[in-house]
Amino acid sequence: MTEALKPEREADVVEAVLAARHAGTKLDIVGGGSKAGLGRPRAEARRLSSSALSGIVFYAPAEMTLCAGAGATIAAIEAAVAEHGQTLPFEPMRPHALWGAGGEPTLGGMVATNLAGPRRPSAGAVRDGVLGLKLVNGLGEPIRCGGRVMKNVTGLDLVKLNCGAHGTLGVLTEATIKLAPRPETETTLVMAGLGEPKAVEAMTRGLGSPFGVTGAAWLAPGMGRDFSRTLMRIEGFAESIDDRVGRFAALIGEFGEVSRLSGEDSSTLWRSVRDAEFIAEPRDRAVWRVNLAPSRAGSFVAALGATSLAHFLDWGGGLVWVATAASEAAASTVRRAVASAKGHATLMRAPDSLRAAVEVFEPPSALGLTLSRRLKQSFDPDGVLNFGRMYDGV
Amino acid sequence: MSHIAFPRLDETIIARRAAIVGRLAAILPPECLIADESGRRAFETDALTAYRRLPLAVVLPRSTEEVARVLRLCRDEMVNVVPRGAGTSLSGGAIPQEDAVVITLTKMSRILEVNLADRYARVEAGVTNLAISEAVGAEGFFYAPDPSSQLACTIGGNIGMNSGGAHCLKYGVTTNNLLGVRLVTLDGEILDIGGEAMDAPGYDLLGLVCGSEGQLGIVTEAIVRLIPLPEGARPVLFGFDTVEDASQCVAAIIGAGIVPVAMEYMDKLAIRICEDFAHAGYPLDVEAMLIIEVEGSDAEMGAMLARIGAIAKAHNVRTARESMSAMESAQIWKGRKSAFGATGRVADYICMDGTVPTGRLPEALQRTGEICASFGLRVANVFHAGDGNMHPLILYNINDEAERVKAEEAGAAVLEMCVELGGCLTGEHGVGVEKRELMPRQFSDVELKQQKRVRAAFDPDGRLNPAKVFPLGERAA
């Protein structure tokens with residue numbers, strides 16, 4: 001395989017895209033390559049990595065805004081903003097546990113995959129925190145979308161369209177993101193031994209309360225303890241958190257005894273939830289990420305029956321992580337169950353052969369697919385960029 | 001931008017008007033079709049009242065299926081379509097023309113489902129913004145985006161413009177609070193985008209449709225997020241002797257890791273106008289005033305206000321007033337929320353909506369004042385300081401044609417300055433017809449063409465809400 005292209009400037013990206021377009025070849029766009037196992041298996045294509053576009057362009061702490069090249073690593077960004085007591089509000093998932101690939105996750109990969117972590121219900125998805133993007137479309141044209149300000153409705157919102165587009169509409173070269181103050185303290189309330197229905201009920205009570213719950217997850221027995229754990233996180237200023245935690249614990253007391261975790265014990269646990277560590281092993285299993293209304297999580301899991309080899313809940317039940325056998329039969333069971341739960345599922349990890357045989361992303365309606373293909377063509381008429389990564393022809 | 005142009009009319013449509021109205025009458029009951037001139041007059045403009053064009057006809061569908069039938073008919077007849085909610089657009093987003101049919105969604109105003117466990121409401125597009133919060137308030141929930149027109153404006157219009165409000169510093173704007181929409185395309189096909197889940201699959205069509213100013217399809221239903229009401233909310237008023245002190249106070253609060261739910265700024269003229277109207281107890285002897293609101297339990301609000309108060313003190317705050325009661329809080333907000341209406345009692349005005357990075361606010365305010373003074377006009381500033389979304393109200397006399405042109409020119413110059421400072425033309429009002437010709441100041445030709453190709457993926461002939469958003473160029477009459 002030819003060596004990966006590593007453009008250092010936007011102009012290099014333009015040149016690479018134009019060259020591929022004129023030669024009639026395809027480009028396989030990656031950041032650090034750490035999530036290369038996600039998406040439909042790639043066709044024969046020349047790899048283009050944005051990892052050399054890695055500088056921080058500006059960081060304005062008083063505006064809670066940072067702009068960096070698409071190849072900047074999440075680690076570098078988090079380190080830079082931590083110095084000013086800030087953080088990425090949406091807790092982007094880190095890929096190492098699930099895919100075990102090398103490479104550092106980057107800003108561009110974070111935007112392209114839109115995989116938010118436990119704070120999603122209260123702080124929004126990655127796409128909610130992206131203010132602006134620069135990309136090069138499949139025609140080799142540099143396109144700026146959005147900007148650096150939090151309120152901007154000027155023209156079509158091509159920022160959102162490119163978030164979660166898996167690099168199929170453009171090679172991301174730069175992103176401007178909205179930050180949040182890093183919570184001064186965090187406390188996690190833990191209830192042991194609840195089954196999913198009770199756990200979802202308790203988490204619904206929590207997320208519907210005014211106490212500012214910023215994480216609500218349920219871990220099955222065997223995930224760190226031999227009993228199930230229902231976790232709810234409260235973050236904030238030291239002066240206010242004790243009062244909130246105390247009254248919140250009373251509110252959910254009827255569901256069971258409540259114990260508390262704080263500091264590093266709490267943050268380590270939530271990092272494991274964020275990265276789906278609990279179902280990453282054994283590595284020959286397929287892993288699914290399922291979005292649905294929290295109240296449907298229980299019946300969804302029940303409908304999976306023995307097809308689920310392991311699962312846990314995040315987002316108060318609105319996100320179900322499921323491990324199954326890496327088989328087409330298991331995939332169709334998941335698709336059927338998710339359809340009746342009115343949700344959608346992504347096959348996050350599976351061997352290439354399975355990802356070639358079944359849909360990786362939730363199949364769209366006929367009209368949805370038609371529109372998706374037209375949008376793809378409006379950015380990349382010759383299908384140069386990550387062609388077919390999401391759907392056939394997209 | 002002076003004097004907004006409209007495209008040439010399609011005379012063949014005008015000539016076939018009677019036949020088109022006849023076809024509409026064949027598929028709609030009489031109460032859902034307005035064809036007479038006096039009835040149509042009510043739909044000739046929106047809140048950009050300086051411009052008025054009579055539509056060919058107005059339809060008021062009662063269901064998604066009726067919207068689909070009307071759109072198919074319009075596509076077959078090659079008639080332009082202008083979607084409309086309550087008609088509160090400040091940018092002329094709902095202004096029609098003589099060759100266009102207005103589809104207004106106000107008859108579709110039902111709340112279809114409230115699901116508190118999953119924290120969403122499914123509503124028809126014509127329901128008003130405030131009606132959603134009112135429907136779920138007793139249960140301890142609300143719908144967060146709160147444009148000043150929330151009593152009247154519809155959720156469909158909010159989605160069209162991606163509306164914001166005073167409290168979006170904490171809760172985000174419409175696009176951050178939307179889970180799904182039912183969209184009818186010009187072909188009359190129905191597409192459900194998103195749904196009950198927190199993220200939607202595939203391309204983010206929901207994010208694309210939100211803020212597309214009615215040019216991709218007509219939204220007939222929406223699923224919106226409901227958020228638990230905070231235990232309490234408390235605003236505090238700060239008066240400053242200089243604009244710089246007020247602006248730096250805003251930056252220092254955010255820099256200290258505090259995100260209040262709202263930070264509103266008013267300058268001296270705006271304070272006077274609002275105080276005369278609302279008697280909110282605003283200080284009249286300061287150059288700049290901030291309304292900062294925090295939320296939470298008493299303990300939490302107390303802690304946050306103590307920190308904010310210390311920062312304000314370090315920035316030479318002159319007067320400080322913490323609300324002591326719900327009534328006092330309501331009064332403080334009444335002044336701010338009635339700013340546009342109160343200004344309208346004093347003079348005619350145009351309200352600009354550019355955004356600048358918050359670090360550039362003092363410079364932006366100074367230059368706004370200089371620009372307006374250079375045209376011999378007065379300006380009152382009242383805006384969302386936490387996110388840099390400015391709302392200069394440029395005062396003029398609507399009966400003085402020359403002054404109206406000056407006001408529009410001053411407004412355009414202010415918006416160009418916003419772009420130059422790293423901001424944008426519009427933060428929450430939309431481009432509409434008003435800022436259409438300024439788009440090339442913010443976007444390159446290549447970027448505008450990319451946006452137009454995206455629009456064409458939904459509507460190749462540009463029949464939906466034509467003459468909005470994109471510069472007219474040679475199509476101008």
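Guide: Domain bounds come from an automatic or database domain assignment. The model shown here is predicted. Chain A is divided into domain 1 (1-182 + 364-394), domain 2 (185-274) and domain 3 (277-357).

Visitor: How many Å apart are the C-alpha centres of domain 1 of chain A and domain 2 of chain A?

Guide: For this pair in chain A, the C-alpha centres of domain 1 and domain 2 are 33 Å apart.

Visitor: How many residues of domain 1 of chain A are in contact with domain 2 of chain A?

Guide: Two residues are in contact if their C-beta atoms, placed from the backbone, lie within 7 Å. In chain A, 7 residues of domain 1 are in contact with 7 residues of domain 2. The domain 1 side of this contact in chain A comprises 3 nonpolar, 2 polar and 2 charged residues.

Visitor: Into which domains is chain B divided?

Guide: The assignment for chain B gives domain 1 (11-107 + 454-475), domain 2 (111-228), domain 3 (233-339) and domain 4 (347-431). Taken over C-alpha atoms, the centres of domain 2 of chain B and domain 4 of chain B are separated by 29 Å. In chain B, 8 residues of domain 2 are in contact with 9 residues of domain 4. On the side of domain 2 of chain B that touches domain 4 of chain B, the residues divide into 5 nonpolar, 2 polar and 1 charged.

Visitor: How many residues does each chain bring to the contact of chain A with chain B?

Guide: Chain A gives 65 residues and chain B gives 72 residues. Among the elements of chain A that each supply at least two residues of the side touching chain B are α5 (120-123), β7 (142-146) and α7 (196-207). The largest share of that side of chain A, 7 residues, comes from α13(A). By class, the side of chain A that touches chain B has 29 nonpolar, 20 polar and 16 charged residues.

Visitor: At what angle do the axes of helix α10 and helix α12 of chain B cross?

Guide: Angles of 65 to 115 degrees count as roughly perpendicular, and those over 145 as roughly antiparallel. In chain B, the axes of α10 (residues 268-278) and α12 (residues 326-337) cross at roughly 120 degrees and come within 8 Å. The two helices, α10(B) and α12(B), are therefore oblique to each other. The crossing of α10(B) and α12(B) is right-handed.

Visitor: Which residues make the contact of α10(B) with α12(B)?

Guide: From α10(B) come B:Cys274, B:Glu275 and B:Ala278, and from α12(B) come B:Lys334, B:Gly335 and B:Arg336. By class, this contact of α10(B) with α12(B) has 2 nonpolar, 1 polar and 3 charged residues.

Note on methods:
Residues are numbered from 1 along each chain as its sequence is written. Chains are lettered from A and ligands numbered from 1 in the order in which they are written. This is a predicted model: local features need pLDDT of at least 70, side-chain atom pairs count only at pLDDT 80 or more; totals for chains, interfaces and linings use all residues. Helices (H or I, at least four residues) and strands (E, at least two) are DSSP runs, numbered from the N terminus. Ala, Val, Leu, Ile, Met, Phe, Trp, Tyr, Cys and Pro count as nonpolar, Asp, Glu, Lys and Arg as charged, and the others, Gly among them, as polar. Axes are lines fitted to C-alpha atoms, for helices over the stretch in contact, and angles run from 0 to 180 degrees between N-to-C directions. Angles under 35 degrees count as roughly parallel, over 145 as roughly antiparallel, 65 to 115 as roughly perpendicular and the rest as oblique. A crossing is left-handed if the near helix is turned anticlockwise from the far one by less than a right angle, and right-handed if clockwise.
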